[in-house]
Structures are given as C-alpha cells and as structure tokens.
Amino acid sequence: MSQTYRTFFGLSKEAFPANIDIDEILVTPEVQGVKNRFDYAVRLGSSIVITGDVGSGKSTALRYAASSLHPSEYKVFYVTATTGSIIELYRQIVEELGIEKTSSSRAIMMSTIKNEIKEFVQGKKMKTVLIIDEASLLRMEVFAELHTLVQFEKDSRTWLPVILAGQPTLVDKLQYRTSIPFASRVVAKSHLEGLDMAGMKSYLIHHLKLCGVDTNFFSDQAITAIHQGSGGLLRKANHLARGSLIAAAIEKSMSVSAEHVRIASSEIF
Ligand SMILES: Nc1ncnc2c1ncn2[C@@H]1O[C@H](COP(=O)(O)OP(=O)(O)OP(=O)(O)O)[C@@H](O)[C@H]1O
Ligand SMILES: [Mg+2]
C-alpha cells in the first residue's frame, strides 16, 4: 500500500506496526494486570493463565511483563506452541535451554530439561520462568503431564513458574479432570477484554505519538467506527486505523472519518 499517507500526515514511520519495542507498549490497566499476576507467579514459583481473543494483546502483555526480569537474575524460556504435541513442546524448551544434542525420547527430554533447570537454580543461583504462548493449541496430553515438569524432588520445589497464554479455550482445557494436577498450581488468571471506547482513543493517540505526531487525526465518529469494527481488539484496530489514514490521505483529508474506516474495513477480514 501507498507510503504517501506517511508524508501526507507527517508520520516518521509506518503507523500501527505489527511489532513494537518494549518501551513503545501502552501500559493499559489490563497490561498492568498481566504484569502484576506474572510477578506474583514468579515470586511464588506458581503458574498463571492469560487468555484473550486473537489480537487482544496477550503476547505484547507477556513481553512487557517479562522485560522487567533482569537477565542476570532470571532465565526466561519463551516458547510458542505450534503442533501442540508434548514432544514438540519439549523440543522447543530444550532448544531454549541451548542444548544441542537431545534424545527423541519423551522421558529423556523431560529429565534433561529438569536437570538443566536444577542447574540454573542450584548451580547458577538463577531463577527460571517458562512462558508458553499459544498454549490453547496444546493437546490434552500436555496438560496432563505439565505438572511433572514443574515438580522437583520430593517436596515439589517450586522452581519453574509457568505462564500460559492463549485463546479462551485454554480455560476449558484446564478444567478437564486430567489437567487438575497442573491447574491446581494456577494462582491467578487474567482475561484480556477488548479496549473500551476511551481506551481505544488513547490507544490510537498513543500510536500516532510513536510516529512523532501530536495531532489526533481521528474524528470521534472514526474512533467509534474503529472501536465497533475491531470489537476493541488491537490487531484489527491497527489495520482499521492504518487503512483509514491511507483512505483519508487519498482524499487529501487531514481528518479521518467513519467513511474512511468503512473503506479500510472492506479490505480486511
Ligand atoms: N499495550 C499495547 N500497546 C501498543 N500496542 C499493542 C499493545 N498490545 C498489543 N499491541 C499491538 O496489537 C497487536 C496485537 O497484539 P498481540 O500480538 O500481542 O496480540 P495477541 O493477543 O498475542 O494475538 P494472537 O492471539 O494472534 O497471538 C500487535 O501488533 C501489537 O503491537
Ligand atoms: Mg500472541
């Protein structure tokens, strides 16, 4: 799509990008809520669950929460569930641990992971955190086994807090009988709702500021249209906001209208 909208509005970079830096994250009450629960789980060595619809800001909130853990003190393992199988999950954790040669046996992989965690905690005197993003993709067998990964020695030492994030179906999976041993270690959960109207306005203004602009180009009607069209979900709001800026620039209008948002919405799903 045209870059001329940037020149037209005087934006220093692409507006509403997919990737933002940690210091560009808008710390909404929900993002702060995720961070508070994250810190709580890390302190206790327990687990938390973060849910939200696609594009609600889960991964961003996790990145924000994890960024405050100092790398000299904490070793954070961040994996994103893909196929959902337990072997794949272990493989990803092993890779995060930096272990090159591994077995393909599930039991050996699990014991390798636990030994490494033990070495971090007892040998290197570091604290460990496991973040599993897209955890709603994990198969039931994973939830049934996850508690054995976090249990160390007879007194079930809490060395590996686990942060699970995923779509709302994650909660259903944790309610199965077979998931109870892990679910019983969950000390808090947070559901990311879409932003409300006031939150959406702040969000749009925040992103314009990231492009070096202090003017709010979005009319109140445009903000309402973006809010309704996105259901408050941020990725969709990003596309509508950027698309409507492009539509406004084509008409040489410095004010984005609801009609510009409608044009943008015809381009996306
Ligand atoms: N607090 C925030 N401040 C600024 N931008 C944000 C914030 N949260 C999310 N975004 C932006 O919204 C988009 C979607 O966010 P994110 O990828 O975190 O959502 P998600 O819930 O993890 O989505 P998915 O379900 O697809 O994994 C990203 O482009 C991100 O940059
Ligand atoms: Mg995500």
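**Exercises with worked solutions**

**Exercise 1.** Classify the residues that line the largest pocket as nonpolar, polar or charged.

*Solution.* The model is predicted. By class, the lining of the largest pocket contains 13 nonpolar, 13 polar and nine charged residues. In total, 35 residues line this pocket, and those nearest its centre are Gly55, Gly57, Thr60, Leu234 and Arg235. The volume of the pocket is about 690 Å³.

**Exercise 2.** Identify the domains of the protein chain, and determine which domains contribute to the lining of the largest pocket.

*Solution.* Begin with the domain assignment: domain 1 covers 4–16 + 195–265, and domain 2 covers 29–192. Next, consider their separation; the C-alpha centres of the two domains are 36 Å apart. Finally, turn to the lining, to which domain 1 and domain 2 each give at least three residues.

**Exercise 3.** Which helix supplies the largest share of the lining of the largest pocket?

*Solution.* First list helices that supply at least two lining residues each: α2 (29–44), α3 (58–67), α9 (197–210) and α11 (234–250). The largest share, five residues, is that of α11.

**Exercise 4.** Describe how α9 and α11 are arranged relative to each other.

*Solution.* Two packed helices are described by the angle between their axes and the distance between the axes. For α9 and α11, the axes come within 11 Å and cross at roughly 60 degrees. Angles of 65 to 115 degrees count as roughly perpendicular and those under 35 degrees as roughly parallel; α9 is therefore oblique to α11. As to handedness, α9 passes α11 in a right-handed crossing.

**Exercise 5.** Determine the packing angle of helices α5 and α6 and the handedness of their crossing.

*Solution.* Helix α5 spans residues 106–123 and helix α6 residues 140–150; their axes are 11 Å apart, at an angle of about 40 degrees. The two helices are therefore oblique to each other. The crossing of α5 and α6 is right-handed.

Terms used: Residues are numbered from 1 along each chain as its sequence is written. Chains are lettered from A and ligands numbered from 1 in the order in which they are written. This is a predicted model: local features need pLDDT of at least 70, side-chain atom pairs count only at pLDDT 80 or more; totals for chains, interfaces and linings use all residues. Side-chain values use heavy atoms; hydrogens and water are left out. On a 1 Å grid over the protein atoms alone, a cavity is a set of points where a 1.4 Å probe fits but cannot get out, and a pocket is an open set with protein on both sides within 12 Å along at least five of seven lines; lining residues have an atom within 4 Å of a point. Grid points are joined across faces, edges and corners, and a volume is the space filled by probe spheres set on the points. Helices (H or I, at least four residues) and strands (E, at least two) are DSSP runs, numbered from the N terminus. Ala, Val, Leu, Ile, Met, Phe, Trp, Tyr, Cys and Pro count as nonpolar, Asp, Glu, Lys and Arg as charged, and the others, Gly among them, as polar. Domain bounds come from an automatic or database domain assignment. Axes are lines fitted to C-alpha atoms, for helices over the stretch in contact, and angles run from 0 to 180 degrees between N-to-C directions. Angles under 35 degrees count as roughly parallel, over 145 as roughly antiparallel, 65 to 115 as roughly perpendicular and the rest as oblique. A crossing is left-handed if the near helix is turned anticlockwise from the far one by less than a right angle, and right-handed if clockwise.
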